[in-house]
Each structure stands twice: as structure tokens, then as C-alpha cells.
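Hello,

Here is the structure I promised to pass on.

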Amino acid sequence: MGPMVDCYVLSNVRTAAQARLFLERFLPERRELAAVYEIPYMTEQPSGSFISADDLMAYLESNPEQRYVIYWVSTDGGLVSYAIVAPTADGAMILGLSCEDNSDEVVEALCRQLKEFTGAEDCLAELEMPPPASAKEFFELLRDDSGQG
């Protein structure tokens, strides 16, 4: 397996329903990568946990100051290998797709589809890059001309 290309868009809609629509559209055959989601994200002293991404997303929708990165893996072997939903600490949500084919045509097609889905103007595409932590970081990366699509 070669390096994965990650394509991200920023969505101003940060709801569990939007995340489900995204997943149904781009990765209908999937499974969650985590068995447990501890909150807050990436802490050594969690204050709670969830056993499903749906429950976590409902919590994150009600707590817009909380950041998280949730991954799903494809179970059908299609072009897209992973889907990423990353609510940011500044109330936005980053949606992403990862695939092994990093050709310009595939990256452009994924970015176009993501932008159409969200109404976003920009798409960030890079090899093996975790999602930005905030809307501000997303736009800083775009300004650096790092993989704008």
C-alpha cells in the first residue's frame, strides 16, 4: 500500500445529521475504526466515553467547543479507503476522504465532489495528513498553497 492522499473540506454545518449524510454519500459500506471514543479527545484523563460514533456525534453537536477526529474504513474495496469527520474546537466540521490513488484526476474529482456536497469553495489535499484542528488552521494551510484543490 502506497501513501494515502487525504482530501478535506470545511463545513459550516456541524451536525450528526450532516455527518451521516456525508458518510452515506461517500462511504456507504463502512465500519468505525474505534471501539471506544474517550472525551475529551486525545487526553490522558478522559471524563467520559462513547461506544458508537453516532452517540459521540450527538454529544459533539451539543458541545461545539469539543474537537474530535472520527475515522471509518471502507468495507467494499472501492476507491475511497477512509472517511473522516473532524468537528473542530471552533464550531466547524472538517470532512475528509482518503484513498490510495493520488493521481491528479482522482484528487480533483474527490475535491470537486466534496465541495459540491458542502458548498465549500476550497479543498485541501495532501499525502498522509491528519485533518486540521480548526477552521483557522484549515485556511492557514490553504494560504501556504499546500494542496489546494
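Ile-51 counts as exposed, at 67% relative accessibility. Please keep in mind as you read that this is a predicted model. Ile-51 sits in the loop between β4 and α2 (53-62). Setting aside neighbours within four places in sequence, Ile-51 has contacts with Glu-32, Ala-35 and Tyr-37. Of these, Ala-35 is 16 residues away from Ile-51 in sequence, and their C-alpha atoms are 6.1 Å apart.

**The cysteines**

How many disulfides does the count come to? The count comes to one. Cys-111 and Cys-123 form a disulfide, with 2.3 Å between their sulfur atoms. Cys-111 is in helix α3 (residues 104-118) and Cys-123 is in the loop between α3 and β8, so the pair ties together parts twelve residues apart in sequence. The link of Cys-111 and Cys-123 is left-handed, with -60° about the S-S bond.

Two other cysteines deserve a look. For Cys-7, the closest cysteine sulfur is that of Cys-111, and at 4.1 Å the distance is too far for a bond. Cys-99 is in no disulfide either, since the nearest cysteine sulfur, in Cys-7, lies 6.2 Å away. Cys-7 counts as buried, with 0% relative accessibility, and Cys-99 counts as buried at 0% too.

**Helix α4**

Which residues of α4 (residues 135-143) are buried? They are Ala-135, Phe-138, Leu-141 and Leu-142. Viewed down the axis of α4, these buried residues fall within an arc of 125°, so they line one face of the helix. An α-helix has 3.6 residues a turn, so residues three or four places apart point the same way. Lys-136 and Arg-143 are exposed on the other side of α4. What do the buried residues of α4 pack against? Their partners are β1 (5-11), β7 (93-99) and β8 (124-127).

Helix α1 (residues 16-26) has a buried set made up of Ala-16, Gln-18, Ala-19, Phe-22, Leu-23 and Phe-26. Seen down the axis of α1, these residues fall within an arc of 160°, so they line one face of the helix.

The axes of α1 and α3 come within 12 Å and cross at roughly 145°, and the crossing is right-handed. From α1, the residues that meet α3 are Gln-18, Leu-21, Phe-22, Arg-25 and Phe-26. On the α3 side they meet Gln-113, Leu-114, Phe-117 and Thr-118. Sorted by class, this contact of α1 with α3 has five nonpolar, three polar and one charged residues.

**Backbone points to check**

Most residues other than glycine have a negative phi, and most peptide bonds are trans. A cis peptide bond joins Ile-39 and Pro-40, with omega about -10°. Pro-40 is in the loop between β3 (37-39) and β4 (48-50).

Met-42 also lies in the loop between β3 and β4. Its phi is near 55°, a positive value in a residue other than glycine. Met-42 is exposed, with a relative accessible area of 70%. Glu-128 likewise has a positive phi, near 50°, and its place is in the loop between β8 and α4.

Technical notes: Residues are numbered from 1 along each chain as its sequence is written. This is a predicted model: local features need pLDDT of at least 70, side-chain atom pairs count only at pLDDT 80 or more; totals for chains, interfaces and linings use all residues. Side-chain values use heavy atoms; hydrogens and water are left out. Buried means under 20% relative accessible area, exposed over 50%, partly exposed in between (1.4 Å probe, protein chains only). Helices (H or I, at least four residues) and strands (E, at least two) are DSSP runs, numbered from the N terminus. The arc is that of the directions from the helix axis to the C-beta atoms. Contact means heavy atoms within 4.5 Å. A disulfide is a pair of cysteine sulfur atoms within 2.5 Å. Axes are lines fitted to C-alpha atoms, for helices over the stretch in contact, and angles run from 0 to 180 degrees between N-to-C directions. A crossing is left-handed if the near helix is turned anticlockwise from the far one by less than a right angle, and right-handed if clockwise. Ala, Val, Leu, Ile, Met, Phe, Trp, Tyr, Cys and Pro count as nonpolar, Asp, Glu, Lys and Arg as charged, and the others, Gly among them, as polar.
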